[in-house]
Amino acid sequence: MSSLENVRVFTQSAIRIEGVAGTVVCFDPFALTDAEAAHDADYVLITHAHYDHLSPEDYARVAGEKTVVVAPASMAGDIAGLGAAETHLMGAGERLELPGLCVEAVSAYNVEPERLGMHPQANGWLGYVVTIDGEPTRYYISGDTDQNPDNETVSCDVALVPIGGTYTCDPRQAAAFVNALRPRAVVPTHYGSIVGTYADFDAFAAEVDPAIEVIRKLER
């Protein structure tokens, strides 16, 4: 599992995970190149309404005629125009079983005083824990968040968490979050473009417990 060849991370928190039976799950597609626009997503999961996570243009680049969207219940109006074949709205703590995909919704919000207004708990925005194609590996895609009482006990094998600071955890805070989660592996996201630099990867990796494998997946 160490290479996570089935996981790709593009700009910001645009993530693609492919299951063993070929199920393709995309999260927050954003700023995709033509080479990254495969139109083959079985599922697109949106964490929240900010433009770098809900991008209708980039949704259209990964979606096909049968693509199913999962999003926070608070975003019903935001995603109505995507033209998805099917839409499922979730609240924190809910679980959803779909063909080839199991989704558990986790609250995603800020607690640090300087960014309380950026991802307020009241917005009902989400991260997701998913399993794909019946495999036991639990992938946690945290969304834009700080470590908070609702996400610091998530059970996961692979965590994908933001490290770029300003709007989310910075490298030190993200490492503390991951050390609390204790996954087998972590893939940092949300750095190197709008916020954060590529050097944040090294700062983050240096603070993560050595028992947790840190994998660089950001492709640009």
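**Entry 1: asparagine 110**

I began with asparagine 110, which counts as buried because its relative accessibility is 3%; buried means under 20% relative accessible area, exposed over 50% and partly exposed in between, with a 1.4 Å probe and protein chains only. I note that this is a predicted model, in which local features need pLDDT of at least 70, side-chain atom pairs count only at pLDDT 80 or more, and totals for chains, interfaces and linings use all residues. Residues are numbered from 1 along each chain as its sequence is written, and side-chain values use heavy atoms, with hydrogens and water left out.

I located asparagine 110 in the loop between β8 (101-107) and β9 (126-132). Helices (H or I, at least four residues) and strands (E, at least two) are DSSP runs, numbered from the N terminus.

I then looked up the polar contacts of its side chain. The side chain of asparagine 110 is joined to that of histidine 119 at 2.8 Å and to that of aspartate 146 at 3.2 Å. A polar contact is a pair of N or O atoms within 3.5 Å; within protein, one must be able to donate a hydrogen and the other to accept it, and residues adjacent in sequence count only if both atoms are side-chain atoms.

**Entry 2: an aromatic pair**

How many aromatic pairs does a search of the whole structure find? I found one. Tyrosine 140 and phenylalanine 177 form this edge-to-face pair, with 6.3 Å centre to centre and 90° between the planes. Rings of Phe, Tyr and Trp (its six-membered ring) pair if their centres lie within 6.5 Å; planes under 30 degrees apart count as stacked, over 60 as edge-to-face and the rest as tilted.

Tyrosine 140 lies in strand β10 (residues 139-141) and phenylalanine 177 in helix α3 (residues 171-181), so the pair ties together parts 37 residues apart in sequence. I recorded both residues as buried.

**Entry 3: helix α3**

I listed the buried residues of α3, among them Pro171, Ala174, Phe177 and Leu181. The buried residues of this helix pack against β10, β11 (158-162), β12 (185-189) and α4 (199-207); contact means heavy atoms within 4.5 Å.

At the start of α3, I saw that a side-chain oxygen of aspartate 170 comes within 3.1 Å of the backbone nitrogen of arginine 172. Arginine 182 follows α3 and has a positive phi, near 55°.
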